[in-house]
Amino acid sequence: MDAPVKTQPEWKISDQPVPYPEALAAMEARAAAIADGTAGEQVWLLEHPPIYTAGTSANDADLLDARFPVYRTGRGGQFTYHGPGQRVGYVMLDLKTRTPDVRAYVRDLEQWLIEALAQFNVKGERREGRVGIWVQRGMREDKIAALGVRIKRWVTLHGVALNVEPDLSHFSGIVPCGVTAHGVTSLADLGIQVSMADVDVALMQSFRKIFG
């Protein structure tokens, strides 16, 4: 039996911040169309205005200062921040035609971020028991990218958020992903000045490497 042919998803890039409810509605509509067989896969790269989102396992005590709008969302995970300077990647793939394995998919998302960061000579790493991608900085570790996933009818929703040059003080309104012992960083915070377009190219190249 031949392996299924992996087609390349459509890439959509938004240059202006997209309001969260608008993005969510568009993503859910596209995912439903993919499940129905009436649309192809899509990866959408965008930024949001400053917001906090709460995943399905969010603890209300982790919302320390609701200085930005808070949205409850169907993705897995806890509280996270989105805002300008952070590249969000919403990934809508049909796992039925790929590998219907949620754990393998999450691992591929992590590897996608690790490979993209490597293009800027940043060593992103996984940590057992902690979601996201981490950077070792001497004695401490900081989170540079977050993941949050939902699967509906074997189509993926939500995805990743990579800190390029966001205002890191905005993360102080929450306990990011419920982790208090570690900080948050970005490419700019690590001294790496790159444009969002540079990051998009790295994400596209790395995606093809991981997802075919």
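Good morning. The model is predicted, so local features need pLDDT of at least 70 and side-chain atom pairs count only at pLDDT 80 or more, while totals for chains, interfaces and linings use all residues. Residues are numbered from 1 along each chain as its sequence is written, and side-chain values use heavy atoms, with hydrogens and water left out.

I begin with the cavities. On a 1 Å grid over the protein atoms alone, a cavity is a set of points where a 1.4 Å probe fits but cannot get out, and lining residues have an atom within 4 Å of a point. The structure holds two cavities of 30 Å³ or more. A volume is the space filled by probe spheres set on the points, which are joined across faces, edges and corners.

The largest cavity has about 80 Å³. Its lining has 12 residues, and Thr80, Lys143, Ala146, Asn163 and Phe171 lie nearest its centre. Strand E9 (140–152) gives the largest share of this lining, four residues; strands are DSSP runs of E, at least two residues, numbered from the N terminus.

The second largest cavity has a volume of about 30 Å³. Trp134, Lys143, Pro176, Val179, His182, Gly183 and Val184 line it.

I turn now to the largest pocket. A pocket is an open set with protein on both sides within 12 Å along at least five of seven lines. The largest pocket contains about 290 Å³ of space. Among its lining residues are Arg103, Glu110, Arg130 and Leu147. Helix H2 supplies the largest share, five residues; helices are DSSP runs of H or I, at least four residues.
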